[in-house]
Amino acid sequence: MIPRHDFPIENNRAARLKYRYRLAMHEPTTVIGILMALLFTYLILVPIISILIDAGQVQFGDDRRIGTDVGSGTLYYVTRTFLSPISRDLFWQPLWNTLSVAFGAIALSFVIGTPLAWLLSRTDMFARRWFATALIVPYMLPAWTFALAWTTLFRNRTIGGQQGWFEALGFSPPDWLAYGQVPITIILALHYTPFIILLFGNGLRRFDSQLEDSARILGASGWTIAWQVVLPLMRPALLSAIVLIFAKCLGEFGVTYVLGLPVKFDVLATSLFRNIASRQTGVAGVLAGAIMLMGVLTLLIDTYLVREARRFVTVGSKGSMNKTVKLRRWRIPATGFAAGMFLFSVGLPVLTLALSTVMKIPARFNLDNFTLQYWIGTDLDTVALRTGILLSPDLWSAAWNTLWIVGTASICSGILGLLVGYVVVRTPVPALSGFLRQITFLPYLVPGIAFAAAYLSLFAVQRGPIPALYGTIAILMLALMAEQMPYASRAGISAMMQLGKEPEEAAQISGAGWLPRMIRVVIPIQKGSLVTGVLLPFISGIKGLSLFVMLAVPSTDVLTTFSLRLVDYHYTQAANAVVLIIAAIAYFGTLTAQKLTGTNLAEGLGG
């Protein structure tokens, strides 16, 4: 008989772990995954940690005031932000303004969006398919496009600069209508109403109309069915839309900059910008941390709501129904309501901006008042802009910077996103897969203005072998790549989950190495997803403002910062012309992305 040797269980486990480690290190996905984990740790996690450290360390120039050396630990900035005599101006009033604007925008978008979602998904309204795309156009355009249109119409001269259209026509709008909370709330509501239309509308399209029929048979009125049957079951979709709107409003900068700063109406994003501009980096770190925390909490709530939505599944099998409601005599008024909302949220702002760029004097519609000098004129009577915008070297420099910076960052994001998807799906190391999945999603939890402040904190000075990157194109590209990774990585993960191992295994049997397999097998099969991973960051980057306004300098001006500089100079016609160019690129870029990828934004949001 062969003697039996009983090895300790611990030795068996150690042997198994060692075997798995050696097996994993022979897989190229593990090595690539480790390299990308290190890269994203530095590009995403380290900047966030850096600005949070700034909030707890004495900054240069504050050592005498605080009484300790630069770099020492301190709670001075936390106390200054939350408890000092100026904390009201630094944090509490901007926080109140942020919350009031956000909840006001949510309420207004709810009132507008829910009936539109119902009309588009459940009725026989005229031109329903056309409106399904037309009514989400406001989200395709930069939010501050509408802010500039608003100020063109309602601006008054109590603040200075040119008069608005209404004032030129003899009506002087009050300050509360021209600037501040009311216009900011209305504009953000119009910009984010597509969230309600898309999420609530998609829920309604999956809703079993037999539930409504049953309630109607039992004698329930239309209002009772809406309030006690439909809305309770649609609660997860509505709450998810509300949470997403709130998270977006937290980091919104451009609208408040245009309409809030003239009357010193600060939100958290503009307060953060003010402190960065005045080199109060410690206070800026506290504010950025507060904004990040609020963003993380709101999106964690959204994740919880998505899980809870499973309790409200109303999609049946073959017996489920989604009947179209016949509007009959209400069909024309319903179509008129949808058309009116499109004209008010898209047609009027774009028309206002377009007309303002060809008028010498606002709101004077005489033929001799129209001109193309602000587009192609020469020898203009302005100090900093002597030619029409299309003849300005500054415009073409900003346009080149935009295409070069955003285009390069988007291509890199798309490639990295596909690699993240490959590693997440293929690696034999579950911990590496989970880490990459989470860290590439982290920028989505951080509002853009706070993420830009984090990059400024990390790259403003040299740290070890990494030189100071502030003022260079490199910092803009790196920040854009990191900020857009949630979209690119999700596109890559989704694509790789749908691709089996068989094509790669066949190429591997034929002797192809990892890189030839990626180039000749994986990328050709997943080229649609790669295009999506490039185009979505490109479109978002083209119309983005928060990152650029914090990180760009005159030599790295892009179209968004160039237009904002024109706003500061009160060159209204030129600023509006640049914004129209940005809006056109964003809109037609979105349509091109949908055409090339076979997707439709009207059928869902955020996937």
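Visitor: What does Ile389 touch?

Guide: Ile389 touches Tyr374, Trp375, Leu395, Phe562, Leu566, Ala574, Ala577 and Val578, leaving out residues up to four places away in sequence. Contact means heavy atoms within 4.5 Å. This is a predicted model: local features need pLDDT of at least 70, side-chain atom pairs count only at pLDDT 80 or more, and totals for chains, interfaces and linings use all residues. Residues are numbered from 1 along each chain as its sequence is written, and side-chain values use heavy atoms, without hydrogens and water.

Visitor: Which residues have the most contacts inside the largest nonpolar core?

Guide: Ile389 and Leu551 do, in a core of 163 residues. Such a core is a set of buried Ala, Val, Leu, Ile, Met, Phe, Trp, Tyr and Cys residues joined through side-chain atoms within 4.5 Å. Helix H20 (residues 393–426) gives the largest share, 13 residues.

Visitor: Why is Thr561 called buried?

Guide: Buried means under 20% relative accessible area, exposed over 50%, partly exposed in between (1.4 Å probe, protein chains only). Thr561 has 10% relative accessibility, so Thr561 counts as buried. Thr561 lies in helix H28 (residues 559–568).

Visitor: What makes H5 and H16 roughly antiparallel?

Guide: Helix H5 (residues 87–122) and helix H16 (residues 268–277) pack at about 150°, with axes 8 Å apart. Angles under 35 degrees count as roughly parallel, over 145 as roughly antiparallel, 65 to 115 as roughly perpendicular and the rest as oblique. Therefore H5 and H16 are roughly antiparallel to each other. Among the contact residues are Phe91 of H5 and Leu268 of H16.

Notes: Axes fitted to C-alpha atoms, helices over the stretch in contact; angles between N-to-C directions. Helix = DSSP H or I, 4+ residues; strand = E, 2+ residues; numbered from the N terminus.
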